Amino acid sequence: MIGLIDCNNFYVSCERVFQPRLEGQAVGVLSNNDGCVIARSNEIKALGVEMGTPAFELKALLRRGQIRLLSSNYELYGDMSARVQSVLEEFSAGVEPYSIDEMFVRFDGFAHDQLLAHCRDLHHKVRQYTGIPVCVGVAPTRTLAKLANRAAKKNPGYRGVCVLPPGDPETAGLLQRTELGDVWGVGRRLVERLALMGIRSAWDLAQADPKEIRRRFSVTLERTALELRGIPCIEMNNTDEPRQRIMTSRSFGKLTEERGEVHEALRQFGQRSAEKLRAQDSLARAVYVFLKTNRHRPDLPQYSPGAVVELAQPTDDSREILQAVTQAFDAIYRPNYRFMKAGVMLIDLIDANRQQMSLLDTVQSEAERERSEKLMATLDALNQRMGRGTVKLGVPTPNAAWHLRCANRSPRWTTRWDELPAVHMG
C-alpha cells in the first residue's frame, strides 16, 4: 500500500506554527519580490482571493484589515518540510518526497484495520510534533492514493485519513464521483478529447480498454488507467539520483545597471550552486552565466546575454567556480542596461567518486586537491551548523538592488540563530 501525505495550506501553516495569532485570519503568502499570491488560507479563499492574484490588487482588503499578506520564507518552509519527513520516516518503510508539501510513503505488511489505526496515529503525530496539519490518503497505487488524499481533504467524514484497500467497494464509488480533471496527470486538453469517447469520470477511464487508450493517446495515460484499477504502474523518480545540471537564479528586487551589484549577485548565486554541487557529490566541468533585462519594458534597451566558461579541471571548489563566474560576467556585461535577473548554471557534471586521475597530476596538485576538499568541507559544515550564509566568500552589500523584496517576511525561526523566537517573562 502507498500513502500520500499532503500538508494543508503548507506555507500558511508554517507561519501559523510560530505565529498562533494568525489562526482564523485570512492569510496569503506572496511570491518572490512580493509579486502575487502563491499560498492561501481557507479564510482568504473564502474572500474570493484567487491563486496568482497580484498583491497590488489586494490593497483595499489590506487597508480594511481583512487580510494579512506575508513575504515568502522558503528557508523556513524547507526546514519544516524536512521535519515533517523525519516524522513520516518513523511511521513507514520509505518516504519519497513529491514536492515541498507532498510525500509518498510505503505501508507494507499492514492489515486494513491496523493500517487505518496506524495512519490516524501518523496524522496526529505529525501535527503534534511539527504543528503542521496534514491529510493522509492510502491505496494500492500512487494515482489512487492521490484520489484518497483528495477525499480525505474534501470529506469531513474521513477526519483527514482515507484508506482504500484493494478491491474495496468504496473505491468504485469514489471513482464514479471523481471528474476526469481531478485525476492526477489528466490535463484540460485530455479531458476534452476523452469526453469525445464518452469517458467523463475516473471510473470511465478505469473501465476503458488500456490498449486502446495507449493507441489513441499515450503510454502515460494507459498507466494512469491501470493505476485507477489498482495495478501499480507509476514509479517515482529516484530523488537520490544526482542532477545533471545545477542552477541558481533569481529576479532582482528592482532593476539595476550597477556593474558591482550585478557581479555581486552572480557571486552569491555561484556560491549557492557550488554548495548544491558538493551536496550531491558531483564536480562541474563548465559554468554558464546569464543576464536578463525586462522584456516587458519596451521603453528600455534590451540585452539578455549568456556565456559558458570551461573549467581547467572538474571541480566543486567555490573559489574556482567564482573565478569562472567573474570571467563570464566580464565577457558579457555591458553598461547602460538595466538588468532584472541573473543566474549561474553548473553544467557537464560528473560523479566526484569516479573522477579519473590525469597523467599530468603531480604530488603538488594532489596536495592542492586535498586542501581544497578540506576547506570546502569545513565551509559547508560551518554553514550547516550555524545557518546558511554564515561563512561566505565576500560580503554582500546590504539592501543592494538584487536582494529580493520581502517587506513582510517572518523570521526564519528554525535556521537562524539571530532569529530564534524569544520568550519574555513578565
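Which residue in β8 is the bridge partner of Val 136? In this predicted model, the bridge partner of Val 136 is Val 161 of β8. Strand β7, which spans residues 134–139, runs parallel to β8, and the two strands are joined by 3 bridges.

Both strands belong to an open sheet of 5 strands, arranged in the order β5-β6-β1-β7-β8 with mixed pairing. The edges of this sheet are formed by β5 (95–99) and β8 (161–163), each of which pairs on one side only. On average, and with direction ignored, neighbouring strands of the sheet are turned by 15° against each other.

The packing of two helices was examined next. Two packed helices are described by the angle between their axes and the distance between the axes. Helix α6 (residues 142–154) and helix α7 (residues 169–177) have axes that come within 11 Å and cross at roughly 80°. The two helices are therefore roughly perpendicular to each other. On the α6 side, the contact is made by Leu 144, Leu 147, Ala 148 and Ala 151, and on the α7 side by Thr 171, Leu 174 and Leu 175. By class, this contact has 6 nonpolar residues, 1 polar residue and no charged residues.

With residues up to four places away in sequence not counted, Thr 248 touches Phe 269, Arg 272, Ser 273, Lys 276, Ala 342, Gly 343 and Val 344. The side chains of Thr 248 and Lys 276 are also joined by a polar contact of 3.2 Å.

Note on methods: Residues numbered from 1 in each chain as written. Predicted model: local features only at pLDDT ≥ 70, side-chain atom pairs only at ≥ 80, totals over all residues. Heavy atoms only, no water. Axes fitted to C-alpha atoms, helices over the stretch in contact; angles between N-to-C directions. Helix = DSSP H or I, 4+ residues; strand = E, 2+ residues; numbered from the N terminus. Parallel < 35°, antiparallel > 145°, perpendicular 65-115°, else oblique. Contact = heavy atoms within 4.5 Å. Nonpolar A, V, L, I, M, F, W, Y, C, P; charged D, E, K, R; others polar. Pairing = 2+ DSSP bridges. Polar contact = N/O pair within 3.5 Å; in protein donor to acceptor, adjacent residues only side chain to side chain.
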